[in-house]
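Dear colleague,

Please find the structure below, together with its sequence.

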Amino acid sequence: MIPAPAVAEAHSRLHRALEPLTDEQVVEPSPLPGWTRGHVLAHVTDAGRALADLVENALRGVLVPLYDPKTHDRDGIIEATAGRSAEEHRRALLRHCVRLEDAWARVTDWDQRVNYRDGKLSSTVFTRWREVWVHAVDLDVGIGFADWPADFCGHAVDFLADRLPAGVTLRAGDRRWGSGDREVTGSVRDLAAWLSGRGTGDGLTGDRPELGPWPVSGARRPPSPARRAP
């Protein structure tokens with residue numbers, strides 16, 4: 001199932017959490033090295049803009065890259081907009097979230113080709129789902145990985161299990177990821193938080209390995225938090 005309604009709910013949850021955000025809090029450091037809350041917000045907002053552009057163009061039969069270096073300086077946009085006021089951040093984020101949700105509502109074929117990830121429109125939904133929930137934690141506005149929906153946690157582990165080195169298995173109840181004799185066990189939520197670098201892994205048992213890089217996506221990743229586990 002394509003979780004577009006679940007992404008809309010993630011958008012709504014983030015908007016509510018940002019309502020009390022002040023201008024002073026915008027410029028405070030985030031857990032991402034070198035980034036303030038404003039940088040994280042600028043990244044999430046511009047990623048929404050880029051995905052909306054991609055989907056809107058695909059619906060017109062036009063293939064465009066997620067970030068076209070000829071027309072969009074991704075890092076420059078983030079730096080230029082990080083210092084917006086809290087209200088400006090809220091308005092910009094809402095505008096592009098609405099654009100993206102409206103574009104998805106017009107999709108009739110989720111397998112339609114796009115110039116991104118696995119080449120299907122459906123990948124834009126899963127990408128945004130991960131981006132909103134993971135960066136909501138980075139914003140430190142009252143949302144933690146304990147707030148992640150159960151279905152999102154399962155998806156996150158499915159996606160991030162590629163970070164495991166060979167010979168390591170993850171287990172949560174009767175669910176398993178990876179293969180090998182070295183086993184890490186715990187709840188799906190704790191596994192998702194650890195694999196994404198947003199949890200310490202304290203709720204897990206087993207010898208936790210050094211994780212590989214985040215799975216390759218259609219755009220460069222923002223900075224990762226300083227590693228806190230094992």
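Contact, as used here, means heavy atoms within 4.5 Å. Helices (H or I, at least four residues) and strands (E, at least two) are DSSP runs, numbered from the N terminus. Buried means under 20% relative accessible area, exposed over 50% and partly exposed in between, with a 1.4 Å probe and protein chains only. This is a predicted model, in which local features need pLDDT of at least 70 and side-chain atom pairs count only at pLDDT 80 or more, while totals for chains, interfaces and linings use all residues. Residues are numbered from 1 along each chain as its sequence is written, and side-chain values use heavy atoms, with hydrogens and water left out.

Because 6 of its 8 residues are buried, α8 is largely enclosed by the rest of the structure. The buried residues are V188, L191, A192, A193, W194 and L195, and they pack against α7, β1, β2 (175-178) and β3 (182-185). After α8 comes G197, with a positive phi near 80°.

Beyond its neighbours within four places in sequence, L170 is in contact with V157, L164, R175, R176, W177, V184, L191, W194 and L195.

H11 lies in helix α1 (residues 4-18) and, at 1% relative accessibility, counts as buried. Its side chain makes a polar contact with the side chain of E101 at 2.7 Å; such a contact is a pair of N or O atoms within 3.5 Å, where within protein one must be able to donate a hydrogen and the other to accept it, and residues adjacent in sequence count only if both atoms are side-chain atoms. Not counting residues up to four places away in sequence, H11 touches C97, E101, R128 and V132.

Finally, residues R130, V134, W148, F152, A156, L160, A192 and S196 line the second largest cavity, a cavity being a set of points on a 1 Å grid over the protein atoms alone where a 1.4 Å probe fits but cannot get out, and lining residues having an atom within 4 Å of a point. Helix α7 gives the most to this lining, with 3 residues.

With kind regards

Note on methods
1 Å grid on protein atoms, 1.4 Å probe; cavity = no way out; pocket = protein on both sides within 12 Å on 5 of 7 lines; lining within 4 Å.
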